[in-house]
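Try each task on your own before you read the solution.

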Amino acid sequence: MNFSSSSDEPTLGRPLARRTLLGRLARTAFGVGLVPALDARLATAAAPRARAKHVVYLMMQGAMSHLDTFDPKPGRDEAGETGAIATKTPGVRFGEHLERLAARSERLAVIRSMGTETGAHEQGAYLMRTAYPMLASIRHPAFGSWALHALGKLSKDLPGYVLVGNGNNHPGAGFLDPAVTPVPVADPSAGLENTTRPGYLSEKDFERRLALADRIDRDFKQRHRGPQLEAYNQLYRDAVRLMGSVDLEAFDIAREKPAVRGRYGDSSFGLGCLLARRLVEAGVRCVEVELGGWDMHRDLAESMSEKGPDLDRGMSALLDDLADRGLLDSTLVVLATEFGRTPVMNENAGRDHHPAVFSCVLAGAGVKGGVVHGASDERGHAPDADPVSVADFNTTIAAACGLPYDEEFVAPNGRPFKIGGGGTPVGAVLADPA
Amino acid sequence: MSPGFNSLPGSKRPRTSPPRTAVRLGVALLVATAAWWSPARSAERPRQGTATKKRDRAAARDSEPRLRLPAAVMTAPSGPAFDVARIDRARRPAVAAAAAEIDRMLATQRDERGVKPSPPLDDGGFVRRAHLELGGRIPTFDETKAFLDAKGAAKREDLVERLLESPDFVSHFYNFWADILRLTERPQKDIFFEPYLDWVKRSIADNRPYDAWVREMLTADGRLLENPAVGYQLRDRGMPLPYVDNTVRVFLGTQIGCAQCHDHPFDSWTQKQFYELAAFTAGTRMREPGKGGRAAAGDVDAATAKQLRELQQTIRENIRAGRVDNGLRLFVGANLAGVGFAPRTLELPHDYQYDDAKPFDPVRPAVLWGDVPAGAADAEGRMQFAAWLTDRGNRQFARTIANRMWKKVMGAGLVEPVDDFREDHPPTHPALLEHLTDLVLELDFDLREYVRVLVSTDTWRRRAVVHDATSGAPFQYEGPVLRRMTAEQLWDSILTLVARNEWAFQRPTADAYADRAGLAFTPKTTYGDVEAAYRRFTDTYGRAAYQRQLQKEYGYHGQVLVRASELPTPLPLGHFLRQFGQSDRESIEGGRTTATVPQILAMFNGPITHAMLERGSVIYDEVMSHPTTEAVDVVFLAVLSHRPSASDRAAALHELRTASTPAVGCGNLIWALLNTREFLFIQ
């Protein structure tokens, strides 16, 4: 397939049927809804087991310590200062700061045997979000862009993919069409800003301005064509469509009752989770919410006592609200991070980078709850059972969304490419394993 | 009331007579206009209503319409308070010859592949690119016009030389380095980085040789407030291994960080090599006295250290009792932050898993390639590391910066990414890369002179071309790469259209900051002394007071109208600069130029775009001081740095004629030009 929106020219040497499959799918599905059965092969791959229509992806930036959250080692030196608490799932313990999630463990599938090769943040986060290692010659799409590309938008005016948080180094749409670029929201309280015309300007005058800009830009656009320019052209159209849409109120968390906001906590992450819930309700396909500050090289105990509760409140309230609205049956919630942290505390009372083993969590549509898959060894140093690679993890997400994860495509650099990175889905956590 | 280029129908604002400068343009431009942007009104409400202030305000209203742009940026340009090293004009022929050689090498490879260079840039394109790439902003209307009207064969050289010794150059290259060095004001809560940020800026203004500059950063000693150069090492305080990883990545274009945890399959570096290199700097000490471990700078005697411990105890108690805020603890910490050195042996990690050594084995320092220069062989580890890294004989050091600055100027590195040299990333032009490395060495690491050569190439003076870095095809430099402005270039360009005095504000100098934030500890320092010093600080450079003051003097609807290099950093996520991809200053070269919807919404509807439609903005005054018939040309020259084509002129004139008033039409035209791709991209 060819990943650019403007051309159907075949790329290097793959059969056309494969190349055009997803492109055709995307075009047909765009703004329409779920996958139509336009190809028998695809239909069998995608439709019946497709559970998750939405994905809420919670990214713990900086590398979340597994030992202080979802994989505690009580009674050992490696536990550090963080205590362990019982969860609703018999025999499973979490770090002491996750008491609300512990009470909801029957909804969670915890994977404790994640492992990766890279201990560098940028590369690790890129790998986690795209399932592919970072290379100079190509930019891969983040999972949300893939899902949006393959499944299409659910709302006409609203973006299909929203990123709440920092957004630095996010791979975005990668080599896919710029239309599936996440729309960043820096501050969940402010929502999407500058969506209304200045008061002095009539709609007619606004259109005049746009038409004039377009007119004057004609020469430049004829002279220069390229992906980055095309991205801007596309997003100008998106921005205009978004302005004045009634659906924009989905971005306004001020419409929630104080009691509801209270349950999410007043952290930026908590409010981001609240925004994610509103967006899912309004038909946004994928939302990523970032929680930074996990790079705890120093004074881990102090930092954990802030980050842990932020995560605990935000994610718990999100799960509760989605469940109350019946949306957890169609929404997959993912908690991911770039790698783990060293079992041995360093001299600054912190933990350093440790890619050998770490934990991630899935919940909601398409996955089982009350499950712990895999284990780290007694020190939390390396996987002890059922190792899960980053590609396996991403493939599991793809499977839960009903995406054709074993279909091979050709990326613009000529290399084969699979949704989820060509891993094996973790059957033990899937509601309907393949 | 202050009219802008827009009209708010039905506004009840009182009208005022136009200023005299406007008369020539025609009364029609102003008559129907009034305040235009509703949030502006709240800014007008008097806040502190003393009688005198009210009287003054009323008087000001009577004599002249009150301006909504901050007055400080509308005064005559003040110029920055620092000198910039002069350019040697006698070197013009040598620069031209060096540039010609580069062109020859590029042309050879282009010819071999049958690639044609892109057409030469016209004067309008040149004046814009030169200002943006050397000064970080678009040229002003006057600068553009002067350049277009200038005669003389050497006018491009004149312009380049003038820009290279301008404060704009310093500001622009400060932004460039800030992205690489992760310059932020609080790398940790109790490290106040302002003196270091100023030191970096001054190093650029002084055009210090790059090798000496880097060497000083890697070896500086002492307290941050006294020796700001220690900031580079402090940036990674508490993370000695990432420090080595970052340093090698930035200055040697080599990524060994993956080997931090274990041998990396895609890389040639082993975990052992990583630890051997880190062993040089293992003795770097950044701990505060009284906090365990050795003193940082080693300049605190035992009696002072004892007094400090007691003071810190008192401070803790007072904070706990709510008598003083936690900021005091951070303030004291910041005054102790610094770097020292005491030899220490590094050990292999507890989980070392290879056969060539055992966990906890002591590691002997060893460099990645070559040798530690003989002159430094007996120096402390840190000095050896710095001497090896910056040595002229270590070609990778010169090669890395040659390639990095090449990318800065041309838009694509000969090796990409510029900080990841390895077998998998071969240079597109190997001979040229070695030639450029030689050039950097010949110029004794004078990076500005190197940039001068690169922008003197014929290649750079051609029209920009689209290059997709992920296409896999090696770039042939038909011209520089077409790039979107960086966030800082865009911000500073908009500022150029708004603020007459762009340099109304500069971040504090290291000395000024140390004067307000510095506190020297002696055995006699009392708690009262500490608290008094803290108050003096919070009243001035304490972040809350500082930001309040910035807003008060330079604020326009929450946006502080000063150069990007002078703004607090990192900026909050929703800031215009962050929307357009300015880095959070946590990752190396975190800046981005990718498109997002909020960027476009900010350009459409945000306050920054509208600042220039305000009366008193540079472009407003410029249009006003010309006859109406010239308005269209003035707007084009000011915003896009060229005169309109015949058909664009016709379209613009049509807009002016058919809008509800010519003023509204003019506002629409400015807005339209700002919202073109042509404005955002550097042709």
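**Exercise 1. The two chains meet**

How many residues does the contact take from chain B, and how many from chain A? Then find which elements of chain B contribute.

Solution. Please keep in mind throughout that this is a predicted model.
- Step 1: Count each side. Chain B puts 59 residues into the contact and chain A puts in 66 residues.
- Step 2: Look for the elements of chain B that supply two or more residues to the side touching chain A. These are helix H25 (597-605), helix H29 (646-658), helix H30 (662-674) and helix H31 (677-680) of chain B.
- Step 3: Sort the chain B side by class. It has 24 nonpolar, 24 polar and 11 charged residues.

**Exercise 2. The layout of chain A**

Describe how chain A is divided into domains, and what lies where they touch.

Solution. 
- Step 1: Domain 1 of chain A covers 16-192 + 250-429, and domain 2 covers 196-243.
- Step 2: Take the centres over C-alpha atoms. Those of domain 1 and domain 2 of chain A are separated by 34 Å.
- Step 3: Count the contact. Domain 1 of chain A provides 4 residues and domain 2 of chain A provides 6 residues.
- Step 4: Classify the domain 1 side. Its residues touching domain 2 of chain A comprise 2 nonpolar, 1 polar and 1 charged.
- Step 5: Chain A contains 12 helices and 17 strands, and 58% of its 434 residues count as buried. Of the contacts in chain A with a separation of 6 or more, 71% come from residues 24 or more positions apart.

**Exercise 3. A strand of chain A**

Why is strand E1 of chain A described as largely enclosed? Work out its strand partners too.

Solution. 
- Step 1: Check burial. In strand E1 (residues 54-60) of chain A, 7 of the 7 residues are buried, so the rest of the structure largely encloses this strand.
- Step 2: Find one partner. E1(A) pairs in the parallel sense with strand E8 (residues 331-337) of chain A over 7 bridges; A:Tyr57 has A:Val334 in E8(A) as its bridge partner.
- Step 3: Find another. Strand E7 (residues 286-291) of chain A also pairs with E1(A) in the parallel sense, over 6 bridges. Here A:Cys286 in E7(A) stands opposite A:Val55.

**Exercise 4. A sheet in chain B**

Which strands are at the edges of the open sheet of 3 strands in chain B?

Solution. 
- Step 1: Read the order. The sheet runs E1-E3-E2 (chain B), with antiparallel pairing.
- Step 2: Pick the strands that pair on one side only. These are strand E1 (222-223) and strand E2 (284-285) of chain B.
- Step 3: E2(B) and strand E3 (residues 338-341) of chain B run antiparallel and are joined by 2 bridges. B:Arg285 has B:Gly340 in E3(B) as its bridge partner.

**Exercise 5. One methionine**

Is A:Met128 buried or exposed, and what does it touch?

Solution. 
- Step 1: Locate A:Met128 in helix H4 (residues 121-130) of chain A.
- Step 2: Count neighbours. A:Met128 counts as buried because 25 C-beta neighbours lie inside 10 Å, and the cut-off is 20 or more.
- Step 3: List the contacts. Leaving out residues up to four places away in sequence, A:Met128 touches A:Ala336, A:Glu338 and A:Val390.
- Step 4: Compare sequence with space. A:Met128 and A:Glu338 lie 210 residues apart in sequence, with 6.0 Å from C-alpha to C-alpha.

Technical notes
Residues are numbered from 1 along each chain as its sequence is written. Chains are lettered from A and ligands numbered from 1 in the order in which they are written. This is a predicted model: local features need pLDDT of at least 70, side-chain atom pairs count only at pLDDT 80 or more; totals for chains, interfaces and linings use all residues. Domain bounds come from an automatic or database domain assignment. Two residues are in contact if their C-beta atoms, placed from the backbone, lie within 7 Å. Ala, Val, Leu, Ile, Met, Phe, Trp, Tyr, Cys and Pro count as nonpolar, Asp, Glu, Lys and Arg as charged, and the others, Gly among them, as polar. Helices (H or I, at least four residues) and strands (E, at least two) are DSSP runs, numbered from the N terminus. A residue is buried if 20 or more other C-beta atoms lie within 10 Å of its own, exposed if 12 or fewer, and partly exposed in between; C-beta atoms are placed from the backbone. Two strands pair if DSSP finds at least two bridges between them.
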